[in-house]
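This briefing covers helix packing, nonpolar cores and a few individual residues. The sequence and structure come next.

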Amino acid sequence: MALLRGHWQLLALTAAVFALWQTPAVVPLKVLIVFFHEASHAIATLLTGGDVVSLSVSPDQGGLVISRGGNRFITLSAGYLGSLIIGVALLLAATRTAADRKVMALCGVVTLVIAGLYVRDVFALAFCVGMGAVMLLMARFMGHNANDLALRVIGLTSMIYVPYDIFSDTIARASLRSDARMLAEEFGGTTMMWGGLWLIVSLAVIAWCLRRGLGRNSNLRLR
């Protein structure tokens with residue numbers, strides 16, 4: 001009951017996202033989470049010494065990164081887990097800090113930089129530039145509460161989408177050529193094994209975030 005009283009706004013946001021999950025209203029958020037997934041692959045590639053050739057997302061919530069080099073184990077693992085970490089970081093930034101507008105501006109800048117460096121196809125470029133511009137405009141012209149709420153919605157959606165996507169892509173439809181399937185082909189094991197491990201890790205991280213990462217004073221406050 002203490003959790004319900006302390007975080008009723010987050011629970012209400014989660015319920016709203018689930019209620020709208022199959023509607024067009026959530027599609028931009030889903031595509032944004034796919035962008036987080038692909039950006040995580042790209043960042044992992046760069047951090048492990050590789051080169052990113054291109055990054056793309058599609059309106060049907062697909063995505064692709066073409067790269068050369070880098071540590072394949074890390075880069076293949078980075079997609080789902082990286083987008084989860086981004087979601088957790090955005091949620092905690094909203095609930096535990098007052099830097100919401102700065103975080104939103106940083107998200108906008110990073111999105112535009114990635115778009116300028118690696119995105120080539122029309123839809124992905126339009127989406128990334130549009131989303132980056134919206135984030136910068138929100139950070140500049142909208143107040144703390146609006147940015148706080150937006151970060152919570154984005155963070156929660158990412159946290160919800162990651163385990164759902166892992167289960168769908170690697171367990172329910174293990175025949176898909178997913179990150180887990182490529183990992184199994186290159187390092188052994190099975191698609192379901194790697195997907196199951198990622199699912200366990202993602203649920204553990206989400207549980208930590210909701211149970212320990214959110215303090216008593218993390219409710220949305222009018223300022």
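At roughly what angle do the axes of helix H4 and helix H5 cross? The axes of H4 (residues 72–96) and H5 (residues 100–118) cross at roughly 155 degrees and come within 9 Å. This is a predicted model, in which local features need pLDDT of at least 70 and side-chain atom pairs count only at pLDDT 80 or more, while totals for chains, interfaces and linings use all residues. Residues are numbered from 1 along each chain as its sequence is written, and side-chain values use heavy atoms, with hydrogens and water left out.

**Helix packing**

- Helices (H or I, at least four residues) and strands (E, at least two) are DSSP runs, numbered from the N terminus.
- Axes are lines fitted to C-alpha atoms, for helices over the stretch in contact, and angles run from 0 to 180 degrees between N-to-C directions.
- H4 and H5 are therefore roughly antiparallel to each other; the cut-offs are under 35 degrees for roughly parallel, over 145 for roughly antiparallel, 65 to 115 for roughly perpendicular, and oblique for the rest.
- On the H4 side, Leu90, Ala93 and Ala94 meet Asp100, Val103 and Cys107 of H5, where contact means heavy atoms within 4.5 Å.
- By class, the contact of H4 with H5 has five nonpolar residues, one charged and no polar; Ala, Val, Leu, Ile, Met, Phe, Trp, Tyr, Cys and Pro count as nonpolar, Asp, Glu, Lys and Arg as charged, and the others, Gly among them, as polar.
- The axes of H6 and H7 are 9 Å apart, and the two helices pack at an angle of about 145 degrees.
- Met135, Met138 and Ala139 in H6 meet Ala146, Asn147, Ala150 and Ile154 in H7, a contact with six nonpolar residues, one polar and no charged.

**Nonpolar cores**

- A nonpolar core is a set of buried Ala, Val, Leu, Ile, Met, Phe, Trp, Tyr and Cys residues joined through side-chain atoms within 4.5 Å; buried means under 20% relative accessible area, exposed over 50%, and partly exposed in between (1.4 Å probe, protein chains only).
- The largest nonpolar core has 38 residues, of which Leu32, Phe35 and Leu55 touch the most other members.
- Two or more residues of this core come from each of helix H3 (27–47), strand S1 (51–57), H4, H5, helix H6 (122–141) and helix H7 (144–172).
- H3 gives the most to this core, with nine residues.
- Another core, apart from this one, has 20 residues, including Leu92, Val162, Trp194 and Trp198.

- Threonine 75 is located in H4 and is buried, with a relative accessible area of 6%.
- A polar atom of the threonine 75 side chain lies 3.2 Å from the backbone oxygen of arginine 72.
- Beyond four places in sequence, threonine 75 is in contact with His41, Ala44, Thr45 and Thr48.
- Glycine 82 is also in H4 and is buried at 14%; its C-alpha atom is 6.5 Å from that of histidine 37, 45 residues apart along the chain.
- Threonine 111 is in H5 and counts as buried at 4% relative accessibility.
- A polar atom of the threonine 111 side chain lies 2.8 Å from the backbone oxygen of cysteine 107.
- Not counting residues up to four places away in sequence, threonine 111 touches Phe35, Cys128, Gly132 and Met135.

**A loop residue**

- Glutamine 61 lies in the loop between S1 and strand S2 (63–68).
- Phi of glutamine 61 is near 65 degrees, a positive value in a residue other than glycine.
- At 26% relative accessibility, glutamine 61 counts as partly exposed.

How values were computed:
Polar contact = N/O pair within 3.5 Å; in protein donor to acceptor, adjacent residues only side chain to side chain.
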